[in-house]
Amino acid sequence: PPGASVAAAASADPSVSGGTASPDSVDVVGSVPLEAEGSVSVVGALMAASTGIVGATVVTMGLLSLPTMLRRGYDPALASGAIAASGTLGQVIPPSIILVLLGDQIATAWVNAQRAVGNYAPEPVSVGDLFAGALLPGLMLVGLYIGYQLLVAWLRPESSPPVPAESLDDTPGGAGLGGRVVRALVPPVLLIVVVLGSILTGLATPTEAAAVGAVGAVLLAGARLGGRSGPLILGGTLALAALLALAQTFDLRLARDTIPAADQYAIHAAFALCAVMAAGLLAALWRTARQGVLWDVMTATVRTTTMVFTILIGAGVFSLVFRGLGGEALVQGFLEDLPGGMIAATAVVMAVMFVLGFFLDFIEIMFVVVPMVAPVLLKMDMDPVWLGVLMAMNLQTSFLTPPFGFALFYLRGVAPHAVTTGHIYRGALPFVVIQIIGLALVAGFPGLATWLPGLIFG
């Protein structure tokens with residue numbers, strides 16, 4: 001996913017955070033300037049939008065923030081819950097793996113449902129629709145997290161003690177803290193804006209935007225790792241930005257009978273910029289490969305892709321057998337016969353998915369459950385974007401619900417010994433309740449999910 005190598009580089013290179021990556025030596029200035037758990041949620045949201053990977057966000061935040069918060073006297077359960085919950089934001093805030101995979105499932109179910117009711121030319125549902133629909137609910141969850149943390153700090157001040165200002169001023173290098181924060185946050189934020197902005201404005205498809213995000217992430221990772229190739233990598237990054245601007249300003253197509261002079265100059269400039277960008281990209285790849293970052297990212301990508309396709313094949317076989325034995329008609333009849341119509345059917349489906357999240361991974365739930373229930377709900381005239389966002393928020397909770405919440409395992413693996421599994425579980429439960437509240441708000445106010453896609457795409 002776009003930006004995955006940036007997170008990997010951040011955790012691999014001590015210069016990114018200003019200190020070592022060891023949990024016992026992380027420094028308050030070197031990591032995130034934490035004065036409340038709310039900053040963890042904000043940084044988690046930024047990392048979620050730049051990586052889309054729960055593991056990368058939870059591990060990075062657990063290494064950098066948790067030891068500092070514990071040394072400052074923060075409640076271990078509250079600190080652990082804040083970090084684990086902020087890591088799951090990557091499943092709702094685009095670009096999200098859940099939204100990408102769910103977009104294909106919802107689009108197929110939407111077409112089948114419309115054909116079943118006699119509409120053979122339905123408006124297509126794209127991943128971009130789900131990206132736009134999930135943006136406001138994702139930001140709403142960030143606000144709910146921060147609101148809960150402020151409430152706990154107000155009711156129990158001892159759980160979230162403030163960081164004394166003099167402790168920051170006395171720390172070596174404290175004067176440059178603001179500059180380091182800017183240097184650490186601005187490049188990933190710009191990458192987020194470019195990737196999401198190109199999708200939401202219709203300038204690029206999700207596949208094209210992902211390609212730009214991947215190239216940009218490799219260039220940023222190479223620049224963060226430094227070395228003699230730094231100027232070349234910086235030149236490649238600037239060339240990529242110039243190429244994007246050039247493509248939106250001029251017509252760079254070559255297959256034309258007549259090409260105006262201005263477009264000809266732009267095409268020549270684009271070829272030169274491509275050469276500079278390719279040189280910078282090769283230098284960044286070489287740098288990240290030598291540091292071991294590239295191998296880790298590629299290995300994780302292959303594992304995820306293999307797992308998805310293996311589950312997809314198994315889910316396809318299961319769906320064929322299920323339909324052949326009449327299971328689809330049975331489920332459809334059960335949901336349609338529920339008193340309360342679409343509202344009751346949606347509530348039952350959400351409850352089943354929530355319970356399954358305690359024991360199954362979100363990918364298994366998505367490929368097995370969604371094809372069975374989504375066409376039935378969509379036949380009841382339910383908005384596909386609204387349904388997709390509800391399912392994504394529901395699946396997000398599967399990362400926090402014990403006993404098999406992946407975010408809990410990721411945090412357990414990097415947490416200091418002073419933090420017990422009980423602390424992590426107790427800290428995560430309030431955030432599960434908050435996610436259920438957020439899910440109920442989106443269910444009660446569909447405009448939270450449908451307003452922005454309607455504004456952007458009409």
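**Nonpolar patch**

Helices here are DSSP runs of H or I with at least four residues, numbered from the N terminus. The model is predicted: local features need pLDDT of at least 70, side-chain atom pairs count only at pLDDT 80 or more, and totals for chains, interfaces and linings use all residues. Residues are numbered from 1 along each chain as its sequence is written, and side-chain values use heavy atoms, without hydrogens and water.

I noted the members as Leu136, Leu139, Trp451, Leu455, Ile456 and Phe457, with about 560 Å² of accessible area together. Such areas come from the Shrake-Rupley method with a 1.4 Å probe, and for residues only the protein chains shown count as cover. A patch takes residues with over 30% relative accessible area and no salt bridge; like charges are joined within 9 Å, nonpolar side chains (Val, Leu, Ile, Met, Phe, Trp, Tyr) within 5 Å. I see that α8 (127-155) and α22 (447-457) each supply at least two residues.

I checked Phe457, which lies in α22. Phe457 is partly exposed, at 36% relative accessible area (buried is under 20%, exposed over 50%, partly exposed in between; 1.4 Å probe, protein chains only).

**Salt bridges**

I counted three salt bridges (a side-chain nitrogen of Lys or Arg within 4 Å of a carboxyl oxygen of Asp or Glu). Asp251 pairs with Arg253 at 2.8 Å, N to O, and with Arg256 at 3.2 Å. Arg256 also meets Asp263 at 3.2 Å. I recorded these four residues as a network. Arg256 and Asp263 are buried, Asp251 is partly exposed at 25%, and Arg253 is exposed at 53%.
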